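Here's a quick walk through the model, from its overall layout down to a single residue. Have a look at the sequence and structure first.

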Amino acid sequence: DLDGRFTFVNDSVCDILRSPKEQVLGVHYFHFLASQHYANAAQRFETVYQTRKPAKSIELELTGHEESGRHIELSALLIEDTAGDPIGFRGTIRDITKRKETEQLLIERKALERSNRELEQFAYVASHDLQEPLNKIQLFGDRLMAKNSHLLDDSGRDYLARMLNA
């Protein structure tokens, strides 16, 4: 009706709302919505009323202990009597929970891919930055072996050889 109370529902709507007809008929649609969606839904219905143009694809979240995280898509059309006066709204409700879950997974996947790219770049930079000190160790170790290995005892030469091999 014009106040937002259900006056007729089919079985599909009851399935989506997870309520029998007797718990839906006469109840305001806010009863089934998450409170953060009240203003958007009310504004969209007011726009339909004022402009006489249908609203399509209004995405809303349901509320209730079993409905948390469930999403619907609502379309609404103004019903007029024979004189052209508004008497209520006609709407369709579609469960879009799976679509919203898929959209969320895609968002998370993109964030993970971005994070992986950043980690790969960090690993590349860290690897590159670590090569320079290792090159210096190799260079000075080679010089030490070439010029001063005769000054080292067998143990010192063994340590130096192991360092250069590593």
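## Layout and shape

Reading from the N terminus, the protein chain goes α-α-β-β-β-α-α. That makes four helices and three strands, where helices (H or I, at least four residues) and strands (E, at least two) are DSSP runs numbered from the N terminus. Bear in mind that this is a predicted model: local features need pLDDT of at least 70, side-chain atom pairs count only at pLDDT 80 or more, and totals for chains, interfaces and linings use all residues. Residues are numbered from 1 along each chain as its sequence is written, and side-chain values use heavy atoms, with hydrogens and water left out.

Here are some overall values for the protein chain.

| Property | Value |
|---|---|
| Radius of gyration (over C-alpha atoms) | 35 Å |
| C-alpha box along the principal axes | roughly 110 × 35 × 20 Å |
| Accessible surface (Shrake-Rupley, 1.4 Å probe) | about 12000 Å² |

For a compact globule of 166 residues, the radius of gyration would be near 15 Å, by the rule of 2.2 Å times the number of residues to the power 0.38. Carbon and sulfur atoms hold 54% of the accessible surface. Buried residues (under 20% relative accessible area, 1.4 Å probe, protein chains only) account for 25% of the 166.

What about one residue? Gln104 sits in helix α3 (residues 97-148). Gln104 counts as partly exposed because its relative accessibility is 40%, and that class runs between the buried limit and the exposed one (over 50%). Gln104 and Lys136 are 32 residues apart in sequence, with their C-alpha atoms 49 Å apart in space.
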